[in-house]
Protein chains: 2
Amino acid sequence: MQTPSTEEKILAAARKIFVDKGLEGARMQDIADEAGINKAMLHYYFRSKEKLFDTIFTDVAKEFLPKLFAILTADKTLFEKIELFCAAYIEHETKTPYVPVFIIKEINRGPKALMQRITQVGSPPFDAVIAQIKRETKAGIIKPLEPFDLLLNTLSLCIFPYLAKPMVQAVTGMNTVQFNDMMKKRCATVSKVIIDSIKA
Amino acid sequence: MQTPSTEEKILAAARKIFVDKGLEGARMQDIADEAGINKAMLHYYFRSKEKLFDTIFTDVAKEFLPKLFAILTADKTLFEKIELFCAAYIEHETKTPYVPVFIIKEINRGPKALMQRITQVGSPPFDAVIAQIKRETKAGIIKPLEPFDLLLNTLSLCIFPYLAKPMVQAVTGMNTVQFNDMMKKRCATVSKVIIDSIKA
DNA sequence: GTCTATATTCCGATAGAC
DNA sequence: GTCTATCGGAATATAGAC
């Protein structure tokens, strides 16, 4: 791997700092230091802090969402999809544990520009999933249910532990390695809770 | 109710602004405006922004946690406690929907001083709940389970929707009233998912 | 206790030399 | 393209009159 260009160094540094501290918490100086370059260069390559942030946010969303969407549209049973979804999500978050906090902070900071950008990255394949739920309900595989509840339950169980990670660690005394181990084991637990709740 | 004192006005205003915008997003001027007083008074009553924030954070935690702890130590079956816990939590959050975002943002902002303050407010009655789980497992009422998973699952399902509220609203088109209605209905759903997952 | 005015600090952004 | 130096604004905090 050759030496990264200045722009690449900036992007990597900005991602680290923004994901860690959010738009308001991050300092341009922090990003420059992390990248090992001068603060002025940030403005040379990206016009402003906001523009740099937007670039990072979009990048993060673009890696984050399509992978999950792909699972939802694959040719699998609903139960399989739930297991794959939980596994993929937790696997991904183990590598980027601060992203959930980052996302939650920013979508709650309005205006709605960022929300729109998320949905722009690619619309979630709700229709396909809803159709599948109807099919499997009719086939007697799962109980009648609100697709929305299923989605919200799944996301809640996968994402929330990362949001509450500092509290979990404070209460249990886990370090980060132990936390990741715990989440890996929890993956099966979560799938099971969800599947049990919808099995006919 | 008599006219609130200046200090009370400051506390009420600071709470509103801090809960809404977080420590970094809030401006002392915003708080002064909200309270209808001068900015200098904030420093007269509380020495600094940080100190004012700490006061608010502790207050919020002090109202937030004991109510839930009380349910966990009540003389009820585990199933009853789960239902009461979800109902109380969702009821409370309908009135203060920004508190979860506030808490999550701040506990992820280090240093750990704030986390310590939460646990200081009063230790969660883990021992009592764990003992009850063991008893009911032995009695054949519930499956053998990790108490930690039960707690995390319950909190996840109750809290996460408030954290993701902007996304939920963007995807479903709900307004706030509809969102609250949805959560009220969801309360039963959440209890059921949890109870189904532990019933023997 | 409350206000006005001002000091101080911090940070994003820019100018200009190289 | 990259740096140093600096501007300008915003926000916290303080001084001092009343």
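## Terms and model

A cavity is a set of grid points where a 1.4 Å probe fits but cannot get out, and a residue counts as lining when one of its atoms lies within 4 Å of such a point. The model discussed here is predicted.

## The second largest cavity

The second largest cavity has 16 lining residues, and those nearest its centre are A:Lys21, A:Glu24, A:Lys105, B:Glu24 and B:Lys105. Its volume is about 120 Å³. Helix H1 (6-25) and H6 of chain A, along with helix H1 (6-25) and H6 of chain B, each contribute at least two residues to the lining. By class, ten of the lining residues are charged, four are polar and two are nonpolar.

## The largest cavity

In total, six cavities of 30 Å³ or more are present in the structure. The largest cavity holds about 550 Å³ of space. It is lined by 29 residues, with A:Met167, B:Leu65, B:Phe69, B:Leu151 and B:Leu155 closest to the centre.

At least two lining residues of the largest cavity come from each of several helices, including H10 of chain A and helix H4 (49-73) of chain B. H4(B) provides the largest share, six residues. The lining of the largest cavity comprises 26 nonpolar and three polar residues, with no charged ones.

The lining of the largest pocket contains 33 nonpolar residues, four polar residues and one charged residue.

The volume of the second largest pocket is about 530 Å³. This pocket is lined by 25 residues, of which B:Pro147, B:Phe148, B:Asp149, B:Leu150 and B:Leu151 are the closest to its centre. Two or more lining residues come from each of helix H10 (165-172) and helix H11 (176-198) of chain A, and from each of helix H5 (78-95), helix H8 (126-138) and helix H9 (147-163) of chain B. The lining of the second largest pocket consists of 15 nonpolar, six charged and four polar residues.

## The interface between the chains

The size of an interface is often given as the accessible area lost when the parts come together. For chain B and chain A the buried area is about 3,500 Å², with 75% of it on carbon and sulfur atoms. B:Asn108, B:Phe148 and B:Phe160 account for 16% of the area that chain B buries against chain A, more than any other three residues.

The contact involves 37 residues of chain B and 38 residues of chain A. Two salt bridges are found across this interface. B:Asp149 and A:Arg186 are joined by a salt bridge, with an N to O distance of 3.2 Å.

## The domains of chain A

Chain A is assigned domain 1 (1-47) and domain 2 (49-198). The centres of these domains, taken over C-alpha atoms, are 28 Å apart. Contact between them involves 17 residues of domain 1 and 16 residues of domain 2.

The two domains of chain A bury about 1,600 Å² between them, and carbon and sulfur atoms give 71% of this area. Of the area that domain 1 buries against domain 2, 42% is supplied by A:Arg15, A:Val19 and A:Leu23, more than by any other three residues. One salt bridge is found across the domain interface. A:Arg15 forms a salt bridge with A:Glu63, and their closest N and O atoms are 2.8 Å apart.

Conventions. Residues are numbered from 1 along each chain as its sequence is written. Chains are lettered from A and ligands numbered from 1 in the order in which they are written. This is a predicted model: local features need pLDDT of at least 70, side-chain atom pairs count only at pLDDT 80 or more; totals for chains, interfaces and linings use all residues. Side-chain values use heavy atoms; hydrogens and water are left out. Ala, Val, Leu, Ile, Met, Phe, Trp, Tyr, Cys and Pro count as nonpolar, Asp, Glu, Lys and Arg as charged, and the others, Gly among them, as polar. On a 1 Å grid over the protein atoms alone, a cavity is a set of points where a 1.4 Å probe fits but cannot get out, and a pocket is an open set with protein on both sides within 12 Å along at least five of seven lines; lining residues have an atom within 4 Å of a point. Grid points are joined across faces, edges and corners, and a volume is the space filled by probe spheres set on the points. Helices (H or I, at least four residues) and strands (E, at least two) are DSSP runs, numbered from the N terminus. Domain bounds come from an automatic or database domain assignment. Contact means heavy atoms within 4.5 Å. Buried area is the accessible area (1.4 Å probe) that two parts lose on being put together, summed over both. A salt bridge is a side-chain nitrogen of Lys or Arg within 4 Å of a carboxyl oxygen of Asp or Glu.
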